[in-house]
Amino acid sequence: MRFSVGYQPDAAWIDAVIARADRLDEVYFAYGAMPSGRAAVVDIDRQLEDLGRLADAGLGLNLLFNANCYGAQALAKAFFADVGETVERFAAEDALTSVTTTSPLVAKFVKDNFPGLTTRASVNMEIGTVEGMDYLSDVFDGYYLKRELNRDRVAVRAAKAWCDAHGKGLYLLANSGCLNFCSAHVFHDNLVAHEAEIARQDNGYAWRGTCWQWLAKPENRAKWLARTNWIAPEDVASYEGLCTGMKLATRMNAHPIRILESYVTGSHVGDIRGLLEPDHSALFRLADDESKKGN
């Protein structure tokens, strides 16, 4: 299996990714302060230096425009000018190979102006049917499948068969820690997209995520396994031929090297929750500690 991993501005992580370049297709990243599905990178000089090292190691770069909302800018000429300038910055070095986005219009813009790049539909679009893929087949070359379908081999095979028949790629996000069918997922992604604006407000509430609140209840923690969709490192080999590649969420996890090594080797030791993003292992450890005190 070939993997893609997310950029983190950490020297040890960059070294680890380069050391495993033979098992990786690409490194995905959001540029600078451009809204995306995660927090913005603020040290642009450092980011450019790191991405240059990764490209020199033969790794492809996948640029993210995967914010769930671009607000009033979503259709603006100025927004697409920014997108174009950002793509050009990396395409000029022949390092950029693909773009992942939640916006069909960004995908169209890239197809119209950068025909050498492939476009991929973000997992945040939650595309889970061949109909959903067909509707946007004119602007996307590949799709991340809705994460809730990861363990549904029938659904994965059907999606892969359609993609093969139409010359498209199918990708899976292997280590999501999100709860299946989270009712607040879109709301949370919208908050992340606007986090810089939100941080400047006098806010009435703090928001960590529905998953943390739900899992804080003891009766819900017992349901965790059935309510998640991650693919264990030991199961990756059984997905050969069922997808074009797997994405490893590593942009926010505190131990990305552990994630990389576990999935590349097909083996992990310890709590699987530590390999996921979001990582709820601390919540479970705290609950276990409280339980022991009570006994």
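Strand β4, which spans residues 96-101, is mostly covered, since five of its six residues are buried, where buried means under 20% relative accessible area, exposed over 50% and partly exposed in between, computed with a 1.4 Å probe on protein chains only. The model is a predicted one, in which local features need pLDDT of at least 70 and side-chain atom pairs count only at pLDDT 80 or more, while totals for chains, interfaces and linings use all residues. Residues are numbered from 1 along each chain as its sequence is written, and side-chain values use heavy atoms, with hydrogens and water left out. Helices (H or I, at least four residues) and strands (E, at least two) are DSSP runs numbered from the N terminus, and two strands are said to pair if DSSP finds at least two bridges between them.

On one side of the pairing pattern, β4 is joined in the parallel sense to strand β3 (residues 60-65) over five bridges, and Phe65 has Thr101 in β4 as its bridge partner. Strand β4 also runs parallel to strand β5 (residues 118-121), to which four bridges join it, and here Thr101 stands opposite Ala121 in β5.

Contact here means heavy atoms within 4.5 Å, and, not counting residues up to four places away in sequence, Leu61 touches Val27, Phe29, Leu51, Leu54, Ala55, Ala95, Leu96, Thr97 and Ser98. The C-alpha atoms of Leu61 and Val99 are separated by 8.5 Å, although the two residues are 38 residues apart along the chain.

Val27, one of the residues touched by Leu61, is the bridge partner of Val5 in β2. Strands β1 and β2 run parallel and are joined by four bridges. Five of the six residues of β2 are buried, so this strand is largely enclosed by the rest of the structure.

Leaving aside neighbours within four places in sequence, Leu248 is in contact with Phe3, Ser4, Val5, Gly6, Tyr28, Ala174, Asn175, Ile259, Leu260 and Tyr263. For Tyr263, which is 15 residues away along the chain, the separation of its C-alpha atom from that of Leu248 is 8.4 Å.

Helix α11 (residues 256-265) has Pro256, Ile259, Leu260, Ser262, Tyr263 and Val264 buried, and what covers its buried residues includes β1 (3-6), α1 (11-19), β2 (24-29) and β8. After α11 comes Gly266, whose phi is positive, near 70°. Further along, Pro278 lies in the loop between α11 and α12 (281-294), and the peptide bond that joins Glu277 and Pro278 is cis, with omega about 5°.

Glu126, found in the loop between β5 and α5 (130-135), has a positive phi near 55°, and it counts as partly exposed because its relative accessibility is 29%. Phe181, in the loop between β7 (169-173) and α7 (185-193), likewise has a positive phi, near 55°, and with a relative accessible area of 59% Phe181 is exposed.

The chain as a whole can now be considered. The protein chain has 12 helices and eight strands, and its C-alpha atoms fill a box of roughly 65 × 50 × 40 Å, taken along the principal axes. For 295 residues, a compact globule would have a radius of gyration near 19 Å, and the 19 Å of the protein chain agrees with this; the radius is taken over C-alpha atoms, and the globule rule is 2.2 Å times the number of residues to the power 0.38. Buried residues make up 50% of the 295 residues, and among contacts with a separation of 6 or more, 67% are between residues 24 or more positions apart. The protein chain exposes about 14000 Å², of which carbon and sulfur atoms supply 53%, with areas coming from the Shrake-Rupley method and a 1.4 Å probe.
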